[in-house]
Amino acid sequence: MAAFSTSSSRPYHIVIFGASGFTGQFVVEEVARTASEGPKGNLKWAVAGRNRTKLEKVVEQAAGALSKPELKSEVDILIADVGDPDSLAAMCKQAVIVLSCVGPYRFFGEPVVKSCVENGTHCIDISGEPQFLESMQLNYHDQAAEKGVYIVGSCGFDSIPADIGVIYTRDQFKGTLTSIESFLTASAGPEGGCIHDGTWQSAIYGLADSDKLRSLRKKFGHKPLPVVGTKIKRRGTLFYSNELQQYAIPFMGSDPSVVKRTQRYLNEELNESPVQYGAYVGVGGISNIFKLVFAGLMFFFLVKFSFGRNLLMKFPEFFSFGFFSKEGPTRKQMEGASFRFIFLGEGYTEGSDPSEGKPNGKIRTLVKGPEAGYVATPIAMVQAALTMLNESDSLPKTRNSYRFGTV
């Protein structure tokens with residue numbers, strides 16, 4: 001099994017690859033902020049990418065933001081490029097865990113996964129792209145399991161809050177929890193807010209390739225998960241949510257697919273009762289509905305054609321009403337933003353038979369946190385890495401263990 005400790009030939013616990021990207025820079029700050037939580041209070045880490053000048057700037061920026069001038073001399077810089085397999089191999093051989101921040105992952109993620117598996121290095125990413133996540137599981141699971149390598153996807157806002165929120169809610173229920181619906185709302189502060197257009201690009205290509213995702217899933221040959229208790233009712237494309245007191249739509253991110261993969265593992269490997277899951281997001285009032293309908297129609301039309309995709313990527317602010325931006329949010333905007341996840345579960349209380357009658361118990365969990373994309377996501381990613389380093393004995397060890405999914 002791949003080790004979780006450093007050595008003379010593998011000197012770094014963590015290497016942040018893509019550290020100079022928009023999200024990567026905040027992952028650098030989070031690693032620097034939590035370095036004392038590493039093994040024996042001493043996390044050894046480095047940053048990596050293809051441009052030394054940009055990497056030096058990111059380290060300098062982190063040093064200033066955290067008032068840690070020593071970072072500029074303590075943090076090593078490695079040069080690696082997804083287009084250069086030898087440079088990736090050299091990087092991976094020096095790390096216990098690579099934190100991959102190189103989205104869109106459909107274009108840049110696989111070479112990192114491949115190199116990590118081949119070189120006995122664990123890998124964590126923050127992908128919210130189901131096609132990438134599931135194709136990596138299909139293509140690399142067996143080889144990763146043989147080498148004891150953990151490839152852990154979606155360790156960002158997609159999908160730590162959803163996946164862990166479902167498990168936490170299930171564990172708190174006294175009886176058999178059979179279904180959960182989650183309702184997400186995101187709030188901007190007085191400075192407003194937006195999302196960097198890297199996520200926008202992932203959404204464009206994800207929707208354009210939706211047929212390929214369906215084809216990919218057929219290759220797994222999965223049997224349908226058993227439905228325990230009453231089958232969950234799916235909500236409409238647009239509905240008024242009494243839970244949120246605003247209109248809501250199905251959540252289009254990777255949360256449902258990640259949660260379902262975890263539930264499949266729990267059912268097939270640990271013989272636990274699976275929880276049905278539905279994910280929704282609040283979109284506000286009537287004025288937002290008009291914007292959503294217009295933007296949605298334009299998006300679904302343009303994404304079908306190459307010229308349309310080029311337009312969407314060239315003018316993200318226009319087509320998303322400012323929700324996505326090439327510049328991304330400012331630090332002030334991030335400071336004022338937050339998110340809330342409400343998990344509403346139903347099930348059968350202790351002593352009740354799930355095969356008879358309707359659910360007779362309910363539970364509510366609230367998960368809330370700071371700005372989702374560039375504050376909560378680095379926290380989730382780094383804590384996943386620290387958990388693997390500090391609690392490696394708790395990770396699954398068998399050949400058939402589920403090595404692809406959130407920690």
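Me: Which residues in helix 6 meet which residues in helix 9?
Reply: Pro130, Gln131, Glu134, Ser135, Gln137 and Leu138 in helix 6 meet Lys212, Leu213, Leu216, Arg217, Lys219 and Phe220 in helix 9. Contact means heavy atoms within 4.5 Å. Helices (H or I, at least four residues) and strands (E, at least two) are DSSP runs, numbered from the N terminus.

Me: What should I know about the model and its numbering?
Reply: This is a predicted model, where local features need pLDDT of at least 70 and side-chain atom pairs count only at pLDDT 80 or more, while totals for chains, interfaces and linings use all residues. Residues are numbered from 1 along each chain as its sequence is written, and side-chain values use heavy atoms, with hydrogens and water left out.

Me: Why are helix 6 and helix 9 called roughly parallel?
Reply: Their axes cross at roughly 25° and come within 10 Å. Axes are lines fitted to C-alpha atoms, for helices over the stretch in contact, and angles run from 0 to 180 degrees between N-to-C directions. Angles under 35 degrees count as roughly parallel, over 145 as roughly antiparallel, 65 to 115 as roughly perpendicular and the rest as oblique. Helix 6 and helix 9 are therefore roughly parallel.

Me: What is the handedness of the crossing of helix 6 and helix 9?
Reply: Helix 6 passes helix 9 in a left-handed crossing. A crossing is left-handed if the near helix is turned anticlockwise from the far one by less than a right angle, and right-handed if clockwise.

Me: What makes helix 1 and helix 15 oblique?
Reply: The axes of helix 1 (residues 22–33) and helix 15 (residues 372–390) cross at roughly 55°. That angle makes the two helices oblique to each other. The crossing of helix 1 and helix 15 is right-handed. On the helix 1 side, the contact involves Phe22, Thr23, Phe26, Val27, Glu30 and Val31. Helix 15 brings Gly373, Tyr374, Thr377, Pro378, Ile379, Met381 and Val382.

Me: Why does serine 182 count as buried?
Reply: Serine 182 has 0% relative accessibility. Buried means under 20% relative accessible area, exposed over 50%, partly exposed in between (1.4 Å probe, protein chains only). So serine 182 is buried. Serine 182 is found in strand 7 (residues 175–187).

Me: How do you know that serine 182 makes a polar contact with tyrosine 277?
Reply: The two side chains make that contact at 2.6 Å. A polar contact is a pair of N or O atoms within 3.5 Å; within protein, one must be able to donate a hydrogen and the other to accept it, and residues adjacent in sequence count only if both atoms are side-chain atoms.

Me: Why do threonine 178 and threonine 185 count as buried?
Reply: Threonine 178 is at 0% relative accessibility, so threonine 178 is buried. Threonine 185 is at 15%, so threonine 185 is buried too. Threonine 178 lies in strand 7, and threonine 185 is found in strand 7. Leaving aside neighbours within four places in sequence, threonine 178 is in contact with residues including Val275, Glu346 and Pro359.

Me: What makes valine 275 buried?
Reply: Valine 275 has 6% relative accessibility, so valine 275 counts as buried. Valine 275 is found in the loop between helix 10 (255–268) and strand 11 (276–284). Valine 275 and glutamate 346 are 71 residues apart in sequence and 9.6 Å apart in space, C-alpha to C-alpha.

Me: Why is phenylalanine 321 called partly exposed?
Reply: Its relative accessible area is 43%, so phenylalanine 321 is partly exposed. Phi of phenylalanine 321 is near 55°, a positive value in a residue other than glycine.

Me: Which values go with serine 154?
Reply: Phi of serine 154 is near 60°, again a positive value in a residue other than glycine. Serine 154 counts as buried, because its relative accessibility is 0%. Serine 154 is found in the loop between strand 6 and helix 7.

Me: Where are the cis peptide bonds of proline 104 and serine 159?
Reply: One runs from glycine 103 to proline 104, with omega near -10°. Another joins aspartate 158 and serine 159, with omega about 15°.
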